[in-house]
Amino acid sequence: MKIKLFSILSAILCLTSCESCCDNDLTQFVNPKIGSGGHGHVFVGANVPFGMVQLGPTSIPQSWDWCSGYHESDSTVIGFSHTHLQGTGIGDLFDITVMPTVGDIQLGRGTVEDILSGQGSYADRSQEISVPGYYSVPLLRYGVKAEMTATERVGFHRYTFPKSDQSSLVFDLQNGGCWDKSMETGIEIVDDQTIKGYRFSKGWANNQKIFFYARFSKAFDSEELVETELPTGKCVVYGKFNFKTAENEQVLLKVALSPVSTEGAQANMEAELDGWDFDLTVSAAKEKWNQALGRICIETSDPKQKTIFYTAMYHSQIHPALFCDVNQDYRGADDRIYNGEGKDTYTIFSLWDTYRAEMPLLCIMQPERMESMIHTLLSIHEQQGKLPVWHLMGCETDCMVGNPGVIATADALVKGFCKEDREKAFDALKTSSLLPDRGQDLRMKYGFIPSDQFMESVAYDMEYAIADAAVANVAELIGNVEDTRYFRERSHSYRNYFDKGSLFFRGKKTNGEFTMPFNPYASSHRSDDYCEGNAWQYSWLMPHDFEHLTEMLGGTQVVEERLDSLFNTRSDIEGANASPDVSGLIGQYAHGNEPSHHIIYFYTMAGLPWKSADRVREVLNTMYTNTEQGLPGNEDEGQMSAWYILSSLGFYQVEPASTHFWFGSPSIKKADLKVSGGTFRIITENNSEKNRYIQSIQLNGEDYTLPYLDYNDIVAGGELVIRMGAEKTKWF
């Protein structure tokens, strides 16, 4: 009774005092350009949390570092597109691009070397403004100031033109991401202020369909529709709408999107942005971001840390993106139209990345959306016959290894989501895990995936093993003994790759021999054994089975020695085709890529929490900065930021489909998490760079002697007090 009473009183106290924990405007601490340099690949532009629209500049280059359409090293702009990816390693989207122009121009992408060969312009980055919900930049070629904001489904543009008889707004349906090709496009003029159309394309998403409905604030004087031959026939790919403008005249434009129809896009505009008040829309977008950012309110004495933290909060709430109209109609994975029946539908599920931290974080701070996201994953299963791997705009890309959709779904089920659909959800987990595709047939035949029969065999098998453990956890939860046993046993398949001689996990051929030659430092972007990594990193990819890993290696002392070696060995990545994703290196620990993200917390699991604390602080302090190069690798749809958020709070979920968040080293002074049970407050006492080690913990006034925090304790609300110090100690 004492604990329950304390919890209730603590929750009331936190709720009444929460406003004092948060600044009135958290958007002031967001720097959207963190990660816009290096290989961060972040989106820069205007949007609202989890919105369908990401409205921002698209540059001329289409190479790897322009996957989001923007990079700090290049200031070219071919237009402002309404869809963008966020930190991916493959480019796509950039749908419905709008470019303001003045004078005679050549429509087209042009080149960086000759900007005049197309519609593009250099942007004056010295006057660029990028804040949550608003983006602005002057276009030097045309003397036009471009401004934009957004609702969930509508992009809102404001262009300030010079005096000219040849001002225009160009709709570009031709140019998409580096893999993206227009297949069928169209523009229809409704009246002299309204157009509608569509863009069907094929790229990373192999059957993407997007519809739009657009209104201008003033009538256009004339129009030019440019056709070209596309795979489906002759189509309109450009629409140029011409105006006469006075000096500093502002022309506004609203563009609504829909995955269903132009009628759906029109309804979205009428529901979300019926008027023309641009500044009011900016304020509304800002307020939506403040609400999203305020899901976690922190106190810290370091202003840089506050900026990095809230930028991470911002980046972690861009995607998954809405993929339904206001009436909840959406386009399914089978290209048919469905209705969400009370739940929103989402897309852009980078699950191989995000099952590790981003999705567990959303379970805590966005439970309402998570319920709809899991409903989306289950609907995808019904429509395509399996849970998604990497789903993009209603299309399965099958990108990356393993069964990450299984892991994300199982994790949510273990945490109590979709209770009314639990049996249906378990069926989705089971059927997806038993499909004889993508190497699973070999795994079921041999007990592992042989390297001489399948590319990236070790990586696929290890990820499948993690997914099987997740399925087993759900089976155990619902009391299914037979499936618990089957999937638990199958989750041990990774053990086949263990080489007792080298203590590495290595590729193995059908005949049982290890692949040769072997170099643990070697990494190819795609190889017989690994995916975006090498033996150093993949020898720790069994977060579901750490206890047995300890036995295989020969005990805790050997685990400690091997972990120390991982961080202390040389940071050379060898191989002619080494993956650029293997970045953010401390020794061979690669924080710039997801397979390493849990490894630091293995120290805590081994009873050595001070070593976790040292490495957590090292990563927090050196790999996340308030600069364009401030991310150690691709942002990967929020995963890189989610690691920072959770680790700053002091814990991280190691085992997928678990409720355990293992302690590391909290770097904040205080945090209030808005959770389903009220407020969960974290207070650290005597915290500093020197005092980085946990000395003792209290949860709701009682001594806490576990090495992990339980998810259910977090979302119930309450108070966690962590006393820090300089002594390397173990409190559990």
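**Stop 1: Phe 680**

Select Phe 680. Leaving aside neighbours within four places in sequence, Phe 680 is in contact with Ala 671, Asp 672, Leu 673, Val 675, Leu 699, Leu 709, Asp 713, Ile 714, Gly 717, Gly 718, Glu 719 and Leu 720. Contact means heavy atoms within 4.5 Å. Before going on, note that this is a predicted model: local features need pLDDT of at least 70, side-chain atom pairs count only at pLDDT 80 or more, and totals for chains, interfaces and linings use all residues. Residues are numbered from 1 along each chain as its sequence is written, and side-chain values use heavy atoms, with hydrogens and water left out.

Phe 680 sits in strand E31 (residues 678-685). Helices (H or I, at least four residues) and strands (E, at least two) are DSSP runs, numbered from the N terminus. Is Phe 680 buried or exposed? Phe 680 counts as buried, because its relative accessibility is 0%. Buried means under 20% relative accessible area, exposed means over 50%, and partly exposed lies in between (1.4 Å probe, protein chains only). The C-alpha atoms of Phe 680 and Asn 700 are separated by 10.0 Å, and the two residues are 20 apart along the chain.

**Stop 2**

Two strands pair if DSSP finds at least two bridges between them.

Zoom in on E11 and its partner E12 (residues 194-202). Nine bridges join these antiparallel strands. A hairpin connects E11 to E12 through two residues. Pick Gly 186 to see Tyr 198 of E12 standing opposite.

**Stop 2**

**Stop 3: salt bridges**

How many salt bridges does the structure hold? It holds 40. A salt bridge is a side-chain nitrogen of Lys or Arg within 4 Å of a carboxyl oxygen of Asp or Glu.

Select Arg 153 and Glu 272. Their side chains meet in a salt bridge (2.6 Å, N to O). This pair links distant parts of the chain: Arg 153 is in the loop between E8 and E9, Glu 272 is in H2, and they are 119 residues apart. Arg 153 is buried, with a relative accessible area of 7%.

Move to Glu 299 and Lys 670. They form a salt bridge, with the closest N and O atoms 3.4 Å apart. Glu 299 lies in strand E17 (residues 296-299) and Lys 670 in strand E30 (residues 670-675), so the pair ties together parts that are 371 residues apart in sequence. Glu 299 is partly exposed at 24% relative accessible area, whereas Lys 670 counts as buried at 19%.

Now pick Glu 382 and Lys 424. Their side chains meet in a salt bridge (2.9 Å, N to O). Glu 382 is in helix H7 (residues 367-384) and Lys 424 is in helix H9 (residues 422-433), 42 residues apart. Glu 382 is exposed at 53% relative accessible area, and Lys 424 counts as partly exposed at 38%. Also select Lys 386, Asp 398, Asp 437 and Arg 438: salt bridges that share partners join them into one network.

**Stop 5**

Show helix H6 (residues 358-365). H6 is mostly covered, with eight of its eight residues buried. Among them are Pro 360, Cys 363 and Met 365.

Finish at Arg 615, in helix H17 (residues 609-622). Arg 615 counts as buried because its relative accessibility is 16%. Not counting residues up to four places away in sequence, Arg 615 touches Phe 567, Asn 568, Ile 586, Ile 600 and Tyr 603.
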